[in-house]
Amino acid sequence: MVTLKVKQNKAPKAEKAEKKEKNEKVISSHDSRIESVIKRPRITEKATFSASKNVYVFEVSLEANKMEVARAIRHVYSVTPQKVRIVTIPSKRVFVRGTWGIKKGGRKAYVYLKKGDKIEIV
């Protein structure tokens, strides 16, 4: 005689709820890091034109990566980005009022949203 053991699985909805709760805990424990990833929106002529195509530009910290930027946008603006691209801005030598100086560089992130989503920048 052969006996079979039947393993009962949890309902799929219950598993999804557990995973969602874990993700929310991770976000809440890293709030200070999330808020320090995005410095400010980058308001330039080019950024304004790209906003009409659902691409928004933000200045981000030097240590930030794409996943952190996407998580921060989701947390701060309640919008899920489709794609994130990060560009390093090099520092430049400038000549102003008869003296040489250095224009500070940094990093900026292009955040692509799906059609219909918006970020209100005030």
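K108 counts as buried, at 14% relative accessibility, where buried means under 20% relative accessible area, exposed over 50% and partly exposed in between, with a 1.4 Å probe and protein chains only. Leaving aside neighbours within four places in sequence, K108 is in contact (heavy atoms within 4.5 Å) with V57, F58, E59 and V60, with R85, I86, V87 and I89, and with R42.

The structure is a predicted model, in which local features need pLDDT of at least 70 and side-chain atom pairs count only at pLDDT 80 or more, while totals for chains, interfaces and linings use all residues. Residues are numbered from 1 along each chain as its sequence is written, and side-chain values use heavy atoms, with hydrogens and water left out.

## Overall architecture

The protein has four helices and six strands, which follow the pattern α-α-β-α-β-α-β-β-β-β when read along the sequence; helices (H or I, at least four residues) and strands (E, at least two) are DSSP runs numbered from the N terminus. Of the 122 residues, 24% count as buried. Among the contacts with a separation of 6 or more, 58% are accounted for by residues 24 or more positions apart.

The protein exposes about 10,000 Å², of which carbon and sulfur atoms supply 54%; accessible areas come from the Shrake-Rupley method with a 1.4 Å probe, and for residues only the protein chains shown count as cover.

## The nonpolar core

The largest nonpolar core has 17 residues, and those with the most contacts inside it are F58, V69, I73 and I119. Such a core is a set of buried Ala, Val, Leu, Ile, Met, Phe, Trp, Tyr and Cys residues joined through side-chain atoms within 4.5 Å. At least two residues of this core are supplied by each of α2 (31-37), β2, α4 and β6, and α4 gives the most, with four residues. Not counting residues up to four places away in sequence, I73 touches F58 and I119, and also I38, S78, V79, P81 and V111.

V55, whose place is in strand β2, is buried, with a relative accessible area of 9%. Leaving aside neighbours within four places in sequence, V55 is in contact with A47 and S50, as well as with Y110, V111 and Y112. V55 and P81 are 26 residues apart in sequence and 9.6 Å apart in space, C-alpha to C-alpha.

S61 lies in the loop between β2 and α4 (66-77) and, at 7% relative accessibility, counts as buried. Beyond residues up to four places away in sequence, S61 touches R33, S36, V37, K39 and R107.

## Two exposed loop residues with positive phi

S78, in the loop between α4 and β3 (81-89), has phi near 55°, a positive value in a residue other than glycine. S78 is exposed, with a relative accessible area of 64%. R97, found in the loop between β4 (92-96) and β5 (99-103), likewise has a positive phi near 55° and is not a glycine; R97 is exposed, with a relative accessible area of 83%.

About 260 Å³ of space lies in the largest pocket. Of the 15 residues that line this pocket, the closest to its centre are R42, I89, K104, G105 and G106. On a 1 Å grid over the protein atoms alone, a pocket is an open set of points where a 1.4 Å probe fits, with protein on both sides within 12 Å along at least five of seven lines, and lining residues have an atom within 4 Å of a point. Grid points are joined across faces, edges and corners, and a volume is the space filled by probe spheres set on the points. β1 (38-41), β2 (55-60) and β6 (106-113) each supply at least two residues of the lining, which by class has eight charged, four nonpolar and three polar residues; here Ala, Val, Leu, Ile, Met, Phe, Trp, Tyr, Cys and Pro count as nonpolar, Asp, Glu, Lys and Arg as charged, and the others, Gly among them, as polar.

About 210 Å³ of space lies in the second largest pocket. Of its 13 lining residues, the closest to its centre are A47, A51, Y56, I119 and I121. α3 (45-51) and β2 each supply at least two residues of this lining, and the largest share, three residues, comes from α3. The lining of the second largest pocket divides into eight nonpolar, two polar and three charged residues.
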